[in-house]
Amino acid sequence: MARREKATEVALVNVPYGSAGGERSMRPLGLSYLGAFLADRGVRANGFDFSDSSMNPTEIVERYRLADYPVVGLSFYNINAKAAYRLAEAVKARNPHCVVVGGGPHASAAHATLFEKHPEIDLVVRNEGEETLLEVIEALRCKLPLSGISGISYMSGGSSVVAPDRSRLENLDDLPAPAFDFQSETEENPLFYFDRVSGTRKRAVGLVSSRSCPYSCSFCAIILIGRQWRKASAAKVVSDLKELEARNGLEYGHIYFLDANFFVSAKRSLEVAESLHGYRADITFSFSTRVNQLIKGKSLLSELQRLGLRAVELGIESGSRDALERFAKDTTPEQNDEALHLLRSLGIQLIFDFIMFDAEANLNDIRRNVDMIERNNLDYHVPWEHIFSHMTPYLGTDIRLHYEKMMGHAFDEDELPHPSDLFQDPQVKAVFDELSKLQPHVPNIAQALFRTEARVRGTASWGRDEAREKLNAVTLRRLPFLVLRNLLSQARQGETVSLARAIPPFTDEADSSYDLDEFLHWAAT
């Protein structure tokens with residue numbers, strides 16, 4: 001590991017997620033923009049991405065000498081808040097004078113009470129951090145009081161001080177490109193996108209071209225930074241891409257736009273696409289949006305596709321009208337169907353966000369979800385996250401406050417309540433609990449599907465054995481959906497809900513029947 005220069009003033013740390021062994025393909029983009037901004041303003045910053053680290057906090061602090069920095073900034077979410085606090089404790093144990101700064105959605109939501117339980121965090125930078133953290137570093141460098149800095153919370157004289165909110169950044173064109181490096185325990189896995197149109201595998205990069213979202217979904221923590229949507233110009237998007245290519249010595253063929261809501265303005269989206277196409281005609285891109293905005297801008301989709309649009313991540317969330325109202329989506333099941341038809345008719349790849357289970361769901365809600373998935377051919381959609389998905393009540397969201405009121409008690413700030421503990425309908429809970437037993441099998445199901453479909457594609461002639469193989473491949477692709485549908489049927493008929501009885505049968509070349517474990521073992525050979 002390279003030694004840091006003594007003059008470096010801040011370490012920006014992406015906190016471990018507790019899932020060691022994965023391959024990093026997407027650098028922490030928020031910290032990349034923050035680090036690039038600080039560097040542009042003359043602050044010496046080092047980045048560390050420990051998202052997939054297998055080391056304990058003490059090992060991380062010692063190996064990367066984090067306690068040597070005068071300021072350590074930790075970016076974290078609900079899911080890894082405890083890891084952030086342990087890391088802060090390890091830093092403080094080595095250097096009590098180090099100023100540990102918390103940032104990110106969870107720290108912003110918990111800022112008013114965080115210091116009572118976690119004195120190892122000295123200060124919280126709330127919401128957008130660029131200008132705020134810069135002022136904090138300059139104040140600490142010059143030994144000036146923090147009292148005049150907006151957008152922070154901290155302890156002073158034994159009491160929590162909450163400074164006034166900072167105005168949101170208005171001109172995103174003033175921000176530098178996210179050209180910022182990270183040290184990590186593992187090598188970064190190059191990011192690629194397979195373009196089905198050209199049949200080529202393209203090196204990809206993530207960019208953010210806008211901030212926030214003008215909507216108020218009850219489960220969304222992004223709007224903690226405010227609902228004011230702000231955008232960078234099309235010229236700025238191309239400029240950032242050029243700078244990253246020049247800096248990294250690479251040519252990027254696909255852009256993942258990781259905006260919370262890229263398609264707020266269809267006209268502006270077209271401007272971005274035209275500018276990228278003008279820079280290099282074979283660049284493709286993907287983005288996230290809502291169904292109502294996709295429908296509103298549908299007249300431009302064909303042109304966007306011609307200019308490189310290949311995939312859309314769509315916030316569908318539910319096929320139940322009642323659930324969509326609970327989620328404050330401001331959309332309808334009919335709009336969901338229309339948006340899905342639009343993408344399917346154009347051949348634009350769908351990546352979709354869905355909430356199959358929520359605390360207040362009943363069997364009719366789940367049935368409507370299942371019906372919507374089947375009528376839109378999403379029962380064949382892989383990966384299968386949508387089948388197992390559930391509402392996650394993040395700190396700071398309206399849905400979490402609603403659940404706390406519903407349950408009659410507040411949740412621990414640093415905990416995400418388990419969905420099974422929240423269900424109001426015992427039948428829904430039974431379906432969820434049995435379906436969850438299938439999840440450990442998913443990696444093996446995916447492997448069996450890959451092998452079985454490969455054998456089917458390689459079939460030169462068709463007979464009984466080949467037809468059986470094809471049937472098994474189709475069943476494997478739909479397996480999680482079929483299991484959910486069967487579990488739902490059991491519950492609706494008043495039967496005991498059972499995973500074992502919900503799994504469809506499989507056969508081999510001798511027409512021998514297999515249970516799931518046996519079949520997966522056979523299919524993988």
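A residue is counted as buried when its relative accessible area is under 20%. In this predicted model, Ser 212 has a relative accessible area of 3% and is therefore buried. Ser 212 is located in the loop between strand S11 (210-211) and strand S12 (230-231), and its phi is positive, at about 70 degrees, although the residue is not a glycine. A positive phi, near 55 degrees, is also found at Arg 65, in the loop that joins helix H2 (57-63) to strand S3 (71-75); Arg 65 is partly exposed, at 27% relative accessibility. Most residues other than glycine have a negative phi, and most peptide bonds are trans. The bond from Val 382 to Pro 383 is cis, with omega near 10 degrees, and Pro 383 falls in the loop between helix H13 (363-375) and helix H14 (385-388).

The structure contains 42 salt bridges. In one of them, Lys 82 pairs with Glu 415, with 2.4 Å between the closest N and O atoms. Because Lys 82 belongs to helix H3 (residues 81-94) and Glu 415 to the loop between helix H15 (398-407) and helix H16 (426-436), this pair ties together parts 333 residues apart in sequence. Lys 82 is partly exposed, with a relative accessible area of 40%, as is Glu 415, at 32%.

Within helix H16, Lys 429 and Asp 433 are four residues apart and so are separated by about one helical turn; their salt bridge has a closest N to O distance of 3.1 Å. A network of salt bridges links Arg 27, Asp 181, Glu 188 and Arg 247.

Key: Residues numbered from 1 in each chain as written. Predicted model: local features only at pLDDT ≥ 70, side-chain atom pairs only at ≥ 80, totals over all residues. Heavy atoms only, no water. Helix = DSSP H or I, 4+ residues; strand = E, 2+ residues; numbered from the N terminus. Buried < 20%, exposed > 50% of the residue type's maximum accessible area, 1.4 Å probe, protein only. Salt bridge = Lys/Arg side-chain N within 4 Å of Asp/Glu carboxyl O.
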